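Me: Please walk me through the packing in this model. Start with the core, then take the helices.

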Amino acid sequence: MITDCHTHFWRYPGELTEELASETFIMRRQKVELNITAEQHAADTIKADRVLVFGLRAPLTGFLTVNDTVAEYVRTDAKRLIGFAAICPTEDDALSEVDRAINELGLRGLKMSPIYGGWNPQDPSAMSIFAKAEQYGLPIMFHQGTTFPRKAPLKYANPVLLEDIALQFPDLKMIIAHMGHPWEVETIVLIRKQPNVFADISALFYRPWQFYNSLRLAVEYGVTDKLLFGTDYPIATLDETVEGLHNIVNLSKEMRLPALPDDLPEQILYRDTLNLLGLSDSTQT
Ligand SMILES: [Zn+2]
């Protein structure tokens, strides 16, 4: 079974500012259309057997996901699509929104980002959300790494900041998106020692030198089993991401670099992600 643990769904206008909607993702050297329809999302992610879907809630940088949008979409294919709620602890209703998203909207995890939202992951307002997530058994997808908006504070972005949370909430499942780029090294040492912290490899293949080094380091530290498959759709597709993984393995051979396992792309692609995150179908209510 293939699980894409990282896809986005949002609407413009309404859930993205004009500035974001016009963003060109420079590393891809192409304009990526962030505003996609439900039909497009469904068609473009169809090769994945299970797909995690979320937006982002971060008023500081103009991401204004309404959780009902994701909930309404995932209901159209409730077995294949798993919705996460976008939560920002800087908002007064964040804690009650978690309850509403889970109990009323049927969402099954949280998407959070200290850097996009401008909040300290160790702030009491954030800690109360982590406590509730642990209590409900909700995995949290963190954008814990760098990003492009000028106002987004790097001081809250390092994956090492999640260590205290992992210790305080040992049963909380956390995924660090994009291997915490550019702090992949910190992510690797963190996922090695914290059993319930994972990382996804989404949106990394188009920085091949960094991606090679990150994967090679993951091999050296013995943590490739903690790497989950994700695309960051619509930034990248499943085919592009799989091809990107194979290209990195081939590059290491062509350049006579320390090897990456030949089966590493398949290991990651067929990871038992739902079980690892406590989201397997049998747990569905
Ligand atoms: Zn993303």
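**Core and helix packing**

Reply: The largest nonpolar core has 80 residues, and Val-53, Ile-87, Leu-110, Ile-140, Phe-142 and Ile-175 touch the most other members. A nonpolar core is a set of buried Ala, Val, Leu, Ile, Met, Phe, Trp, Tyr and Cys residues joined through C-beta atoms within 7 Å. Buried means 20 or more other C-beta atoms within 10 Å of the residue's own, with C-beta atoms placed from the backbone. The model is predicted: local features need pLDDT of at least 70, side-chain atom pairs count only at pLDDT 80 or more, and totals for chains, interfaces and linings use all residues. Numbering runs from 1 along each chain as its sequence is written.

Me: Leaving aside neighbours within four places in sequence, which residues is Ile-140 in contact with?

Reply: Contact requires C-beta atoms, placed from the backbone, within 7 Å. Sequence neighbours within four places are left aside, and the partners of Ile-140 are Gly-109, Leu-110, Met-112, Ala-133, Leu-172 and Met-174.

Me: Are helix 9 and helix 10 roughly parallel or roughly perpendicular?

Reply: Helices are DSSP runs (H or I, at least four residues), numbered from the N terminus. Helix 9 and helix 10 (residues 238–254) pack at about 85 degrees, axes 10 Å apart. Angles of 65 to 115 degrees count as roughly perpendicular. Helix 9 and helix 10 are therefore roughly perpendicular.

Me: Which residues of helix 10 meet helix 9?

Reply: Helix 9 contributes Pro-208, Phe-211, Tyr-212 and Leu-215. Their partners in helix 10 are Ile-248, Leu-251 and Ser-252.

Methods: Buried ≥ 20, exposed ≤ 12 C-beta atoms within 10 Å, placed from the backbone. Contact = placed C-beta atoms within 7 Å. Axes fitted to C-alpha atoms, helices over the stretch in contact; angles between N-to-C directions. Helix = DSSP H or I, 4+ residues; strand = E, 2+ residues; numbered from the N terminus. Parallel < 35°, antiparallel > 145°, perpendicular 65-115°, else oblique.
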